[in-house]
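Biologist: Hi, I'm new to this one. Could you walk me through it?
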Amino acid sequence: MGYVRKVFGVFLMIGIIFFILITLELKNFFHLDALLLVLVGTFGYTIANYHNKSIFKNIGDGAVYFGWLGVLIAGITIASNAFMDNKSEDLGPAIAMMLHPLFYGYVMRLITKVL
């Protein structure tokens, strides 16, 4: 019964997030580079730290660490103006893109936290 409850809870969490994303235009929440940074970084962190914690704890921690690293990388890029070509109207989309890795990292952590 406990396993079914966990799966149902994860399904509800993912479902409500997906529902909100669809109502706000799903394409705005997908950025392949950010997703790859979080997924590959998390995988590497989990492999490197395999003996210290459970696998799900490592996945959650690695996802958040690489989410924040993605924010820092994007922030540095935005601050150096290499991303925006000195156009202030590009700042909003640049900041939105900057937050993608953090969003992916915390969604992964949320899911792995209950497992």
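Biologist: How much accessible surface does the chain have, and what share belongs to carbon and sulfur atoms?
Modeller: The accessible surface comes to about 7,800 Å², and 75% of that belongs to carbon and sulfur atoms. Those areas come from the Shrake-Rupley method with a 1.4 Å probe. Bear in mind that this is a predicted model, where local features need pLDDT of at least 70, side-chain atom pairs count only at pLDDT 80 or more, and totals for chains, interfaces and linings use all residues. Residues are numbered from 1 along each chain as its sequence is written, and side-chain values use heavy atoms, leaving out hydrogens and water.
Biologist: OK, what percentage of the residues is buried?
Modeller: Of the 115 residues in the chain, 28% are buried (under 20% relative accessible area, 1.4 Å probe, protein chains only).
Biologist: Switching topic, how many helices and strands are there?
Modeller: Four helices and zero strands; helices are DSSP runs of H or I with at least four residues, strands are E runs of at least two, and both are numbered from the N terminus.
Biologist: And how do helix 1 and helix 4 pack?
Modeller: Helix 1 (residues 2–23) meets helix 4 (residues 91–114) at an angle of about 160°, with the axes 9 Å apart. Axes are lines fitted to C-alpha atoms over the stretch in contact, and angles run from 0 to 180 degrees between N-to-C directions. That makes the two helices roughly antiparallel (over 145 degrees).
Biologist: Which residues of helix 4 make the contact?
Modeller: Phe 103, Val 107, Leu 110, Ile 111 and Val 114, with contact meaning heavy atoms within 4.5 Å.

Terms used
Parallel < 35°, antiparallel > 145°, perpendicular 65-115°, else oblique. Buried < 20%, exposed > 50% of the residue type's maximum accessible area, 1.4 Å probe, protein only.
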